[in-house]
Every structure is written in structure tokens, then in C-alpha cells.
Amino acid sequence: MAAKAILLLPVAVLLLVAAGPPSCVLAADDDGTTHLSFFMHDIVSGSNPTAVKVIKGPGSTTAPTLGMAFGDTTVVDDALTETSSATSAAVGRMQGIYMLSSQTGAVLMVCANLLFTSGDHNGSTIAVLGRDDTSEPVRELSVVGGTGKYRMANGYVLWKTSSMSGADATVQLDVYLTTGNGTIDEAAAPVSPVDGGAGSGGSSGSSGTKAGSAVRTAGGGWVSACAVAAVVAVVGSFWV
């Protein structure tokens with residue numbers, strides 16, 4: 001029986017490697033900084049746009065590439081996906097507003113929440129605020145907060161236009177953030193509905209170290225894989 005259980009160990013290892021961290025999480029550094037990368041699809045054309053102009057500025061068009069005039073304000077509910085293809089796996093939505101805030105160029109002021117709708121991060125948000133100069137290849141916006149897995153988040157987003165089709169845009173977002181200064185003790189923090197409802201008031205001691213924070217941020221898939229590996233090993237030990 002023990003020999004058969006040993007034979008199953010490579011299977012468990014393969015399951016562990018295959019599961020990995022969530023696909024949009026590229027790295028979790030020792031200092032608690034997490035890097036996430038995904039794509040936003042801003043669709044203003046067609047019969048089902050995800051970006052709708054709600055305020056029209058008084059002047060003429062000042063940003064022809066965007067089809068916008070100074071003061072134009074747009075509400076967005078843009079899809080976030082793993083790759084630049086709109087049909088790739090969904091990561092979440094970007095919900096908020098952007099407005100043309102320059103009288104002379106294609107510069108937007110962006111205020112939005114990145115809402116995650118899948119995996120271990122489902123229901124968590126990252127709040128983004130900043131200046132988006134669309135004429136630049138790379139723009140930097142601020143991470144000013146978050147909820148759920150990203151409660152107390154701070155950091156920045158690198159905003160890169162991947163492609164344009166008329167005024168429709170696909171934008172790559174590279175998010176670099178820390179949560180709670182990398183040292184928050186999650187067991188001692190108030191529990192929100194995003195965390196799964198009311199929690200117990202116990203303490204996890206020193207579990208909130210910087211390295212621990214990085215593991216918690218990126219490790220949902222690994223935890224699931226460990227559980228699968230344990231089940232495989234236990235079942236295998238009883239095979240005759």
C-alpha cells in the first residue's frame with residue numbers, strides 16, 4: 001500500500017504545479033509587492049458599448065483620436081481579460097468614469113474600481129485614480145485603495161495601449177501593489193462580506209509577515225492544489 005501511495009506522489013506534484021497561483025498574478029515579491037497583469041477592453045462603438053458618454057462638454061472636439069471634447073465624461077463598465085483577446089478568460093470589470101481633462105490634448109482623468117469576478121480574488125476591488133495621457137506609450141496611475149483581498153492597497157498601475165480600433169481601445173494594465181503596508185494581521189482585522197461573512201475573533205499570531213502577505217495574495221491556487229494532493233495521497237494509501 002505504501003508503495004502505491006509513493007507512486008501517486010508524482011501525480012500530486014503535477015497537480016500542484018498545474019494549479020499555480022491565479023493566472024493574472026505574475027509575481028509576489030519578498031517585500032510584499034504583488035504584480036498583476038491583464039487587459040481592459042473599452043468599447044464605445046456598436047449596439048452594446050461598455051463606455052457611454054454621459055456629459056458633453058460645451059466646446060468642439062479637442063481630442064480627435066478619442067472623439068472627445070474638453071469636459072466630456074464617460075461612464076465605463078469595461079471587461080478585464082487575461083490576454084489582449086476579448087474572448088480570453090475573464091478576470092473582472094473596470095467600473096468608473098473617465099473625462100477629458102485637457103483643453104489641448106488627449107488627456108483623461110480616470111477614477112475607477114478594478115473589480116475581480118473570478119477565482120480566489122472574486123469580489124475584491126482595486127481603486128485607481130490618475131492622469132491618462134493617451135499620447136504617451138506608458139502612463140502611470142495611482143492605486144489609492146482596495147477591498148477584500150486588496151484591502152488597504154497602495155501602489156501604481158502602468159497603463160499601456162495595446163491596440164485601437166477607431167475610438168475603441170484595448171489597454172494592458174500592469175498593477176504593482178502592497179496591502180496594509182505588507183504587515184497587516186488579517187485575523188485581527190474586521191471581516192467583510194467579501195471575506196466570506198462573519199468570522200471568529202481569533203488571532204493568527206505573527207502570520208502577517210511580509211512574506212506571508214505575498215503568499216496570501218498569490219496563493220489561492222496553491223492551497224487548492226495542496227488539498228487535492230493530500231486527498232490523492234490519502235486515497236492512494238488505502239489502495240490494495
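**Exercise 1: a charged trio**

*Solution.* For the cut-off, a salt bridge here is a side-chain nitrogen of Lys or Arg within 4 Å of a carboxyl oxygen of Asp or Glu. K56 and D72 both sit in the loop between β3 and β4, 16 residues apart.

A quick word on the model before going on. It's a predicted one, where local features need pLDDT of at least 70 and side-chain atom pairs count only at pLDDT 80 or more, while totals for chains, interfaces and linings use all residues. Residues are numbered from 1 along each chain as its sequence is written, and side-chain values use heavy atoms, with hydrogens and water left out.

Step 1: look for a second partner. D72 also forms a salt bridge with K53, whose closest N and O atoms are 3.1 Å apart. That pair spans 19 residues, with K53 in strand β3 and D72 in the loop between β3 and β4 (73–81). Strands are DSSP E runs of at least two residues, helices are H or I runs of at least four, and both are numbered from the N terminus.

Step 2: K53, K56 and D72 form a network of salt bridges. The total count by this rule is six.

Step 3: check the exposure (buried is under 20% relative accessible area, exposed over 50%, partly exposed in between, with a 1.4 Å probe and protein chains only). D72 is buried, because its relative accessibility is 1%. K53 comes out as partly exposed at 38%, and K56 as exposed at 52%.

**Exercise 2: around T50**

Work out whether T50 is buried or exposed, and which side chain it makes a polar contact with.

*Solution.* Step 1: T50 lies in the loop between β2 and β3 (51–55). Its relative accessible area is 19%, so T50 is buried.

Step 1: the T50 side chain makes a polar contact with the side chain of D78 at 2.6 Å. Polar contacts are pairs of N or O atoms within 3.5 Å; within protein, one must be able to donate a hydrogen and the other to accept it, and residues adjacent in sequence count only if both atoms are side-chain atoms.

Step 2: list the surroundings, skipping neighbours within four places in sequence. T50 touches H41, D42, I43, V75, V76, D77, D78 and R93, where contact means heavy atoms within 4.5 Å.

Step 3: follow R93 into its strand. R93 in β5 has A79 opposite. β4 and β5 (residues 90–100) pair antiparallel through nine bridges; pairing takes at least two DSSP bridges between the strands.

Step 4: carry on to the next strand. β5 also runs antiparallel to β6 (residues 107–116), again with nine bridges, and I97 stands opposite C111. Six residues separate β5 and β6 in their hairpin.

**Exercise 3: β10 and its partners**

Determine which strands are joined to β10, and by how many bridges.

*Solution.* Step 1: place the strand. β10 covers residues 168–179 and is mostly covered, with ten of its twelve residues buried.

Step 1: take one partner. β2 (residues 34–42) is joined to β10 by nine bridges and runs antiparallel. In this pairing, F38 stands opposite L173.

Step 2: take the other. Twelve bridges join β9 (residues 153–165) to β10, also antiparallel, and M164 faces A169.

Step 3: inspect the turn. The β9 and β10 hairpin has two residues between the strands, and G166 adopts a positive phi near 65 degrees.

Step 4: find the charged tie. K160 and D174 meet in a salt bridge at 2.8 Å, N to O. K160 lies in β9 and D174 in β10, so the pair ties together parts 14 residues apart in sequence. K160 counts as partly exposed at 25%, whereas D174 is buried at 5%. As background, side chains of opposite charge can pair when their charged atoms come close.
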